[in-house]
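Dear colleague,

I am handing over the structure we discussed, together with some notes on what was found in it. Please look through the sequence and the coordinates first, and then read on.

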Amino acid sequence: MGSLIKEERDDVIQAWFMDDSDEDQRLPHHRNPEEFVSYEKLDELGVLSWKLDADNYETDPELKKIREDRGYSYMDLIEVCPEKLPNYEQKIKSFYEEHLHTDEEIRYCVGGSGYFDVRDRNEAWIRIWVKKGALIILPAGMYHRFTLDSNNYIKAMRLFVGEPIWTPYNRPHDHLPARKQYIETFVEKATTVA
Ligand SMILES: CSCCC(=O)/C(O)=C/O
Ligand SMILES: [Fe+2]
């Protein structure tokens, strides 16, 4: 995972660069050889992650603190499977269209698993596999998509600051302020390093 020291998070979150194959989106799509992506690299892209106690999410003090620190007042649960999600086929298709949101996308996997794919600075796809216990935050303005894996089920907590806005803006939506601000963070980081 880029670092030789194993982290607790590795059990529930893994990330790797994707191959270019058009095969079933629910397959892992590793490159050959596999190229894993470190948390540091995800962090540079603005993607944050934690491993939490998903069996006790209702009382978990760590989740409570993250919500308080980041102002996540809204919370609901979504189950992605044909029996539980209305308009399942349509939703699955739209989740996998490359899109961005004008706010963070915060998802906490409390059951099942799935893949969040995000673009790196060179437009390569990074696949982030989340399993039970993984909380991830994708920054506003980042192009991404979501698919179930071959287990075909995820139960996720959705968090938000205030009233949620779920609108996906399919690529291209480069003119949106959220996208411009996201790009600007790279420019700022590059300037700071130089
Ligand atoms: C696992 S939650 C469903 C996916 C979703 O809400 C989203 O916006 C994907 O980008
Ligand atoms: Fe999204």
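For the notes that follow, Ala, Val, Leu, Ile, Met, Phe, Trp, Tyr, Cys and Pro count as nonpolar, Asp, Glu, Lys and Arg as charged, and the others, Gly among them, as polar. Please also keep in mind that this is a predicted model.

On that basis, the shell around ligand 1 has six nonpolar, two polar and two charged residues. The residues in question are Ile78, Val80, Phe95, Glu105, Arg107, Gly114, His144, Phe146, Ile154 and Ala156. Strands β3 (74-80), β5, β8 (144-148) and β9 (154-160) each contribute at least two residues to this shell, and β5 gives the most, with three residues.

Turning to the annotation, an unreviewed UniProt entry places the feature "binding site" at His99, His101, Glu105 and His144. These positions are spread over 46 residues of sequence, yet they cluster in space, the largest C-alpha distance being 11.3 Å.

Glu105 is found in strand β5 (residues 105-119) and counts as buried, because it has 23 C-beta neighbours inside 10 Å. His99, which lies in strand β4 (residues 99-100), counts as partly exposed, because it has 19 C-beta neighbours inside 10 Å. Leaving aside residues up to four places away in sequence, His99 touches Tyr143, Arg145, Pro168, Tyr169, Asn170 and Arg171.

With best wishes

Note on methods: Residues are numbered from 1 along each chain as its sequence is written. Chains are lettered from A and ligands numbered from 1 in the order in which they are written. This is a predicted model: local features need pLDDT of at least 70, side-chain atom pairs count only at pLDDT 80 or more; totals for chains, interfaces and linings use all residues. UniProt positions are given in the numbering used here, feature names are shortened, and annotations may be inferred rather than shown by experiment. Helices (H or I, at least four residues) and strands (E, at least two) are DSSP runs, numbered from the N terminus. A residue is buried if 20 or more other C-beta atoms lie within 10 Å of its own, exposed if 12 or fewer, and partly exposed in between; C-beta atoms are placed from the backbone. Two residues are in contact if their C-beta atoms, placed from the backbone, lie within 7 Å. A residue is near a molecule or strand if its C-beta atom, placed from the backbone, lies within 6 Å of it.
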